[in-house]
Amino acid sequence: MTNPNNVSLNIHHELSFIDGHALNIPTLKILSETGDVYPGATVPNISQDTALRLYRTMRFIRMLDERMQAAQRQGRISFYMQCLGEEAAVTASAAALDDDDMIMAQYREQAALHYRGFRLDQFMNQMFSNELDLGKGRQMPIHYGSNELNYMTISSPLGTQIPQASGHAYGQKLKHIDEKTGELASEIDNVTICYFGEGAASEGDFHAGLNMAAVLKAPVIFFARNNGYAISTPADEQFAGDGIASRGVGYGIKTIRVDGADALAVFAATQAARDICVKTGEPVLIESIAYRLGAHSTSDDPSGYRSKEEEADHQLNCPIARFKKWLVAQNWLDEAQDDAEKETIREQILEAVKVAEKVEKPALESLISDVYDTPIPELSEQYEHLKAHILAHPDAYPTTAGRIK
């Protein structure tokens with residue numbers, strides 16, 4: 001008998017329901033909070049160079065986040081979002097990829113971009129929206145993008161990158177399909193990783209994207225950062241099921257849950273997920289469990305929805321400190337040198353702020369320079385109206401009005 005319904009016909013004759021929590025999903029954990037490897041745990045194949053690059057990226061992002069949070073409070077930039085508490089989840093997953101793999105981020109994955117080589121001055125130019133910004137000052141701060149580093153420009157609306165990642169990954173796979181058989185003719189060169197929070201998993205794009213990837217068998221790694229809160233909404237008010245991982249199983253996708261504060265567990269899971277993608281051309285879902293130690297953004301005050309005691313409890317589980325202890329135990333990290341490097345980085349960040357905020361803003365005419373090879377009459381007319389408006393109200397646009405030609 002054929003099975004057009006595409007279901008497992010496990011026939012039985014007694015009425016019974018499957019409990020909504022019947023699936024028991026384990027959480028991979030390799031490093032303890034003290035930086036020791038758990039008995040029976042397998043340390044992934046990670047070189048000293050990669051481990052140190054991973055640690056230094058986390059260290060840099062923590063210091064950048066602290067400084068730029070303060071810069072926003074000083075009114076020097078308009079907005080900021082920290083990666084506080086999720087550095088290991090983002091950095092270790094990026095470290096397990098090939099540099100030519102595509103990253104489609106949400107907005108808290110600056111560590112993945114820095115791991116790829118995004119420089120301090122490039123971060124600053126974007127946040128200050130100056131004329132050296134790769135995005136020409138058109139995006140909110142922290143909405144990075146880099147064609148050179150295979151990091152898709154961030155979009156503010158939640159979840160839009162998820163179906164896009166499925167489509168991009170499917171395109172990566174098509175290059176390796178045998179036209180006669182429709183099967184993979186060779187291993188896939190590169191994959192796509194798509195980051196999103198558990199809050200974004202409530203968007204319709206999440207379901208469309210996962211189902212598309214599952215049905216078409218696209219080599220995409222869906223990386224769900226479950227940090228406990230969708231802005232101010234706690235996870236238990238977002239969903240009744242067992243996190244996000246259970247949904248991956250529901251869509252027929254290979255799935256794993258990891259301790260997102262454990263850099264080795266995240267690295268191992270992502271390394272294995274990528275291996276599945278390149279060899280089978282199929283998607284994988286990773287759910288990272290970590291705690292968002294900071295506010296959702298500089299526009300948020302977490303004291304309105306969670307207690308100081310809760311925050312203090314999770315402050316003890318710092319992903320950077322945990323990985324550092326492991327590195328020291330391997331004799332891979334010199335603590336005195338680490339302290340000296342921190343001071344140097346702090347000075348470099350302070351200097352980079354001073355430099356970037358003095359760089360001119362993009363010229364107004366750059367607004368219409370990228371849409372058409374030669375601006376069409378309608379666009380030129382709109383630009384002239386905008387220019388006339390700004391010149392009529394120079395006090396409202398002091399920076400732009402002084403630069404109009």
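Here are some worked exercises on side-chain packing and pairing in this structure.

The structure is a predicted model, in which local features need pLDDT of at least 70, side-chain atom pairs count only at pLDDT 80 or more, and totals for chains, interfaces and linings use all residues. Residues are numbered from 1 along each chain as its sequence is written, and side-chain values use heavy atoms, with hydrogens and water left out.

**Exercise 1. Aromatic pairs**

Find out how many aromatic pairs there are, and describe the one formed by Phe60 and Phe123.

Step 1. Start with the rule: rings of Phe, Tyr and Trp (its six-membered ring) pair if their centres lie within 6.5 Å; planes under 30 degrees apart count as stacked, over 60 as edge-to-face and the rest as tilted. The count by this rule is ten aromatic pairs.

Step 2. Phe60 and Phe123 make a tilted pair, at 6.2 Å centre to centre with 45° between the planes. Because Phe60 belongs to helix 1 (residues 48–73) and Phe123 to helix 4 (residues 120–127), the pair ties together parts that are 63 residues apart in sequence. Helices here are DSSP runs of H or I with at least four residues, strands are runs of E with at least two, and both are numbered from the N terminus.

Step 3. Now check the burial (buried means under 20% relative accessible area, exposed over 50%, partly exposed in between, with a 1.4 Å probe and protein chains only). Phe60 is buried at 7% relative accessible area, and Phe123 is buried at 0%.

Step 4. Look at the surroundings: Phe60, Phe118, Phe123 and Tyr144 form one aromatic cluster.

**Exercise 2. Charges over rings**

Which ring does Arg53 lie over, and which does Arg306 lie over?

Step 1. The test is that NZ of Lys or CZ of Arg is within 6 Å of the ring centre and within 35 degrees of the ring normal.

Step 2. Arg53 sits over the face of Tyr115, 3.8 Å from the ring centre. Arg306 sits over the face of Tyr229, at 5.3 Å from the ring centre.

Step 3. Tyr229 itself is buried, with 10% relative accessibility.

**Exercise 3. A residue in strand 9**

Is Ser288 buried or exposed, and what is it in contact with?

Step 1. Locate the residue: Ser288 is in strand 9.

Step 2. Its relative accessible area is 1%, so Ser288 is buried.

Step 3. List the partners (contact means heavy atoms within 4.5 Å). Leaving aside neighbours within four places in sequence, Ser288 touches Ala89, Phe223, Ala224, Arg225, Asn226, Val258 and Gly260.

**Exercise 4. The packing of helix 10**

Which residues of helix 10 are buried, and what do they pack against?

Step 1. Helix 10 covers residues 319–329, and its buried residues are Pro319, Ile320, Arg322, Phe323, Lys324, Trp326 and Leu327.

Step 2. These buried residues pack against helix 1, helix 2 (87–95), strand 8 (254–259), helix 8 (263–280) and helix 11 (335–356).

Step 3. Follow the chain onward: after helix 10 comes Asn331, with a positive phi near 60°.

**Exercise 5. Salt bridges**

How many salt bridges are there, and where do the partners Arg59 and Asp338 lie?

Step 1. A salt bridge needs a side-chain nitrogen of Lys or Arg within 4 Å of a carboxyl oxygen of Asp or Glu. By this rule there are 29 salt bridges.

Step 2. Arg59 and Asp338 form one, with their closest N and O atoms 2.5 Å apart. Arg59 is in helix 1 and Asp338 in helix 11, so this pair links distant parts of the chain, 279 residues apart. Arg59 and Asp338 are both buried.

Step 3. Compare Asp370 and Arg138, whose closest N and O atoms are 3.0 Å apart. Asp370 lies in the loop between helix 11 and helix 12 (377–392) and Arg138 in the loop between helix 4 and strand 3 (151–152), so the bridge ties together parts 232 residues apart in sequence. Asp370 is partly exposed at 44%, and Arg138 is partly exposed at 39%.

Step 4. Turn to Glu384 and Lys387, which meet in a salt bridge at 3.6 Å, N to O. Both lie in helix 12, three residues apart, about one turn of the helix. Glu384 is partly exposed at 43% relative accessibility, whereas Lys387 is buried at 15%.

Step 5. Finally, trace the shared partners: Arg56, Arg59, Lys324, Asp338, Glu341 and Lys342 are joined by salt bridges into one network.
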